[in-house]
Amino acid sequence: MQNEDKHAYTPALGTHERTGDYDRIISVMTRERCWRIKMLTKMLLGEEKRVVDLGFGTGSFVKLLVEACPEMKVVPIEPDPKVRRISK
């Protein structure tokens, strides 16, 4: 099989070379602030206090969620070791 990917995931922004710029690029190129606030509001209004974040990326939303709701149990899972190293 040609060009077989040895990873079971897609790197942030599609290539490992751009991984370090992920948060900056996403904040500039998307309406990230808008959807994060909406998602956080819905999560805080719900009864469930457990979240599994698959592909948590740099961890910025996990951090926001834990700060907004310290009693929430958050299980972050990220398959990309390069992104896990960036997470805060």
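Is C69 buried or exposed in this predicted model?

View 1. With a relative accessibility of 2%, C69 is classed as buried. A disulfide is a covalent bond between the sulfur atoms of two cysteines. The search for disulfides, run over the whole structure, returns zero.

**View 2. The buried face of helix α3.** Helix α3 spans residues 60–68, and its buried residues are F61, V62 and L65. An α-helix has 3.6 residues a turn, so residues three or four places apart point the same way. The cover over the buried residues of α3 includes helix α2 (32–45) together with the strands β1 (50–54) and β2 (73–77).

**View 3. The largest pocket and its lining.** The volume of the largest pocket is about 230 Å³. Its lining comprises 16 residues, and those nearest the centre of the pocket are W35, R36, G55, F56 and F61. Two or more lining residues come from each of α1 (22–29), α2, β1 and α3. The greatest contribution is that of α2, which supplies five residues. By residue class, the lining of the largest pocket holds eight nonpolar, five polar and three charged residues.

View 4. F61 is one of the buried residues of α3. F61 is also among the lining residues that lie nearest the centre of the largest pocket.

Notes
Residues are numbered from 1 along each chain as its sequence is written. This is a predicted model: local features need pLDDT of at least 70, side-chain atom pairs count only at pLDDT 80 or more; totals for chains, interfaces and linings use all residues. Side-chain values use heavy atoms; hydrogens and water are left out. Buried means under 20% relative accessible area, exposed over 50%, partly exposed in between (1.4 Å probe, protein chains only). Helices (H or I, at least four residues) and strands (E, at least two) are DSSP runs, numbered from the N terminus. Contact means heavy atoms within 4.5 Å. A disulfide is a pair of cysteine sulfur atoms within 2.5 Å. On a 1 Å grid over the protein atoms alone, a cavity is a set of points where a 1.4 Å probe fits but cannot get out, and a pocket is an open set with protein on both sides within 12 Å along at least five of seven lines; lining residues have an atom within 4 Å of a point. Grid points are joined across faces, edges and corners, and a volume is the space filled by probe spheres set on the points. Ala, Val, Leu, Ile, Met, Phe, Trp, Tyr, Cys and Pro count as nonpolar, Asp, Glu, Lys and Arg as charged, and the others, Gly among them, as polar.
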